[in-house]
Amino acid sequence: MSEAPFLVRIWGARGSLPAPAASNTLFGSDTCSVEMRCGGHVLIFDVGSGAESLSSRLTREKVKDFDLFFSHCHFDHIMGLPFLKPLYDHEVTARIYAGHFEDETTCEEMVGGFMAPPYFPVTPKYFDAQIAYLNFRPPDTLTPHEGIVIRTHRLNHPNGCVGYRVSYLGRSVCYLTDIEHTPGKTDEKLLAFLKGAEILIYDCMYNDAEFDHYRGYGHSTWEEGVRLCEAAGVKRLVIFHHRPGRHDEELRKIEADAQARFPGAVVGRTGLELVP
Ligand SMILES: [Zn+2]
Ligand SMILES: [Zn+2]
């Protein structure tokens with residue numbers, strides 16, 4: 001499968017906190033990190049704790065160039081950044097993008113603010129890679145390499161968040177976490193953004209029954225993911241950003257319930273590979 005020209009690989013699918021426990025072996029314990037391979041290019045979406053395993057793979061494969069896109073900078077999406085080994089390799093070139101800020105904060109300031117004492121001893125000045133910190137504002141379209149088009153969309157989430165739609169070889173994959181929906185309200189702009197995509201990786205922190213209790217937390221439900229896929233003609237749903245307390249058994253049940261309603265649904269897990 002890894003020879004496919006367009007490939008999606010999940011390195012961490014949990015939200016909020018890593019959840020290492022014997023009851024979590026099937027779906028993995030790491031937080032958000034997704035890799036997409038487009039031809040020879042490596043695109044990374046968020047570097048939660050899943051970035052540690054991703055990092056080992058990139059090092060093993062001697063990947064010397066990649067693009068990293070932040071959805072936003074809550075801890076579960078950035079905690080793996082200091083552990084991304086290629087950033088300490090002087091032969092590596094990387095471009096790091098962020099566009100979720102609601103003020104004039106830049107991507108470089110955000111990384112410097114996070115990797116700083118007393119929160120963390122290693123600052124970005126220890127990175128030996130050639131890094132370009134790039135800023136954008138949704139709905140900017142990004143074209144990191146010839147043939148790869150990435151559209152961006154602002155998501156409803158505290159402190160701001162960005163969703164990405166990656167198009168390559170006529171197929172599209174949408175990465176949408178973290179986002180809160182409004183029950184019963186159709187978001188036409190979001191549907192247009194998702195329209196006809198092969199895969200939607202979506203914030204399914206809760207289910208509809210739990211959702212009322214967590215209004216304002218900035219997250220969504222797997223049922224809303226199914227509704228979006230059906231309304232926008234998206235073929236596959238990756239249930240993503242699991243609550244820390246969701247153990248294997250519960251996630252298995254969510255997968256069965258979701259597949260009963262939408263056969264293209266799958267629960268995201270570390271190691272899952274998808275060909276769009
Ligand atoms: Zn999150
Ligand atoms: Zn968040």
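Colleague: Which angles occur among the four donor atoms of the zinc ion (ligand 2)?

Modeller: Donors are N, O and S atoms within 2.8 Å of the metal (3.2 Å for Na, K and Ca), and sites may look incomplete because water is not among the atoms. Four donors count as tetrahedral if all angles lie between 85 and 135 degrees; four count as square planar and six as octahedral if opposite donors are over 155 degrees apart and all others between 65 and 115; anything else is irregular. Here the angles are 91 to 170 degrees, and the site of the zinc ion (ligand 2) is irregular. This is a predicted model, in which local features need pLDDT of at least 70 and side-chain atom pairs count only at pLDDT 80 or more. Residues are numbered from 1 along each chain as its sequence is written.

Colleague: Which residues are the protein donors of the zinc ion (ligand 2)?

Modeller: They are His72 (NE2), His74 (ND1), His157 (NE2) and Asp178 (OD), at 2.1 to 2.7 Å from the ion.

Colleague: Which residue bridges the zinc ion (ligand 1) and the zinc ion (ligand 2)?

Modeller: Asp178 does, and the two ions lie 3.6 Å apart.

Colleague: Is Asp178 buried or exposed?

Modeller: Buried means under 20% relative accessible area, exposed over 50%, and partly exposed in between (1.4 Å probe, protein chains only). Asp178 has a relative accessible area of 1%, so this residue is buried. His241 is also buried, at 0%.

Terms used:
Chains are lettered from A and ligands numbered from 1 in the order in which they are written. Side-chain values use heavy atoms; hydrogens and water are left out.
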